[in-house]
Amino acid sequence: MDTIKNNLPASDGIKIYGFGVVAKGFYDYLQKSNEAERLQIVIIKDASKKRAVINAIIETTNENTIRDKDVDVIVELISSSEEAYGIVAENLEIGKKVISANKKLIAENLQDLISKEKENNGTFLYEGAVCGSIPIIRILNDFYSTESIQSVKGIFNGSSNYILSQLFNKEVTYGEALKQAQDLGFAEADPTSDVGGFDALYKLVILATHSFGKIIHPNEILNFGIENISKSDIELAKKLNLKIKLIAKAELKSGKLSLSVLPTLVDSSSGLYQVENEYNAVEISSENVGVQFYKGKGAGGLPTGSVVYSDLKAIDNNYNYSYGKLNQSNIILDNFSQVDVLIKIPNKDDVDTLPFNVSYLTKVDGEENYFYAKTTLNEIQVNKKYIEQYGISLLFIDNEEIKIQLLSSDEAEVKTINVAELRNWIIKDDDFQLIDVRESSEYEFTNINGELIPLGEIESNLSKIQKDRKVVFQCRSGKRSADAIKLLQKKYGFDNLYNLEGGILAWADEIDSSIKKY
Ligand SMILES: NC(=O)c1ccc[n+]([C@@H]2O[C@H](COP(=O)([O-])OP(=O)(O)OC[C@H]3O[C@@H](n4cnc5c(N)ncnc54)[C@H](OP(=O)(O)O)[C@@H]3O)[C@@H](O)[C@H]2O)c1
């Protein structure tokens, strides 16, 4: 058996490319676990830089000392994705075990690198490339290998999340928040990849491969960043008790997969609402497991170094990604499904000249330049240049309650009815229609010949809501039904709607004790 320094077997030997933030964090883990002696060679770019003392040979790229027979494990942690491609590809071609944290390199070349890995019996692991300390690739690859995933979404970029947190919580400008993120080491000197949504896009591509078995090139996916978020966007969101988060999302519906990275309005019912500053989070929804949520530090030397070290330990245990779902599905990429979006147009009078197709457009009440629109990801992607050049800002809405809140932000009067009055109507055989508004099958419910119309489908069920007799709306708490009434009154002119005070909870026992409790 070949041996290397300290009489270690060559299979233990490690060569690191790059010795910046992440490599130093990884080296700290090697030291803590008494494995520093495994490190044989470190390749850096600038020989004149002052560095931490490392007990290994340090060379620059120009010195061209390829002693790769001395090592089995290559840890690629340099900054440039183009140069990293050469390092990773060459080493996979000679069957090495390669670790990388370079999301751009991986997202743009995944098919090619997996082929090289397989053809040459190498290993290629890259947990550090996605969401810093959260071991999300291993979770998806190993634990979700046979589980049917419906969506994977989250906050994948710590820098832009830090900036958004500062904009919401402190009185700072975008420029000040960006500078702070750079000073704290959360954002690069050139922040385009972070704030333009590209970094999150690369990570989404990688997670989509492991979640849905589909390798998609980043160029095929719509991404917007946070550069165009204005003070008025923040003020509007705050007024409605919402936050804006840069959300990367891959969602599968009826065999069609849509992917996007978009600034999105979230309310406090979402786990992502609480994710602040440099933290990242991932939410996985799947058929049998339901929703799982992971949150952790998204960047930094030690958090990322820890998962790079865990890749090393996986290699020591002969672990490889299984890519269990790859090429097994008939999933197709589809960006034609409808999305709801809040559009801000610099000049509100230009709304009629928008070049992209919207299937529905209405003004947001009380807001000068804001419009609510229904369109498709594809329409937005095709018109991305126009949208950016013309200074249109887009905030996405993937939550029905937020949509209703936006469309009924004025305080329209809602007539109410209490339980005693409703009981009188029933006793008197008064003619009324009862509508139960809810999200989905969140509880079982029987009622007095009422009709169930899910909240999200109110507008597609207008013909069912009667205009010539009294209509009582109810929901679990009475709040969502009130919002639905406001929407119907304001947009569709209904004036015969009543909200049941206190919601269903209030009347179950008094009116029909056989009604199931929840
Ligand atoms: N920072 C994070 O929190 C984080 C989190 C997740 C993933 N990542 C990824 O991890 C990788 C490393 O990031 P980092 O933050 O550690 O970068 P960094 O601090 O900028 O360090 C980059 C290192 O790469 C070296 N380098 C550049 N070109 C090289 C070349 N051609 N050959 C050899 N060495 C070269 C530099 O050498 P010199 O020292 O001589 O200049 C430097 O040591 C990147 O792919 C990044 O996207 C970073």
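1. Two strands pair if DSSP finds at least two bridges between them. Keep that in mind for strands β1 and β2. This is a predicted model. In it, 4 bridges join β1 (residues 14-17) to β2 (residues 39-44). The two strands run parallel. Ile 14 stands opposite Leu 39 in β2.

2. Now the whole sheet. It is open and has 6 strands, with parallel pairing. The order is β3-β2-β1-β4-β5-β6. At the edges stand β3 (57-60) and β6 (123-125). Each has a single partner strand, so one side of each lacks a neighbour in the sheet. From one strand to the next, the twist averages 15°.

3. Next, the ligand. There are 26 residues around the ligand. Gly 18, Gly 20, Val 22, Asn 102 and Ala 299 come nearest. The largest share, 3 residues, comes from α1. By class, the shell holds 12 nonpolar, 10 polar and 4 charged residues.

4. Helices α2 (residues 81-93) and α3 (residues 103-119) pack with their axes 10 Å apart. The angle between them is about 15°. Angles under 35 degrees count as roughly parallel, and α2 and α3 are therefore roughly parallel to each other. Their crossing is right-handed.

5. Which residues of α2 and α3 meet? From α2 come Ser 81, Ala 84, Tyr 85, Val 88, Ala 89, Leu 92 and Glu 93. From α3 come Lys 104, Leu 105, Asn 109, Leu 113, Lys 116 and Glu 117. The contact of α2 with α3 has 7 nonpolar, 2 polar and 4 charged residues.

Technical notes
Residues numbered from 1 in each chain as written. Predicted model: local features only at pLDDT ≥ 70, side-chain atom pairs only at ≥ 80, totals over all residues. Axes fitted to C-alpha atoms, helices over the stretch in contact; angles between N-to-C directions. Near = placed C-beta within 6 Å. Nonpolar A, V, L, I, M, F, W, Y, C, P; charged D, E, K, R; others polar. Parallel < 35°, antiparallel > 145°, perpendicular 65-115°, else oblique. Left-handed = near helix turned anticlockwise from the far one by under 90°. Contact = placed C-beta atoms within 7 Å.
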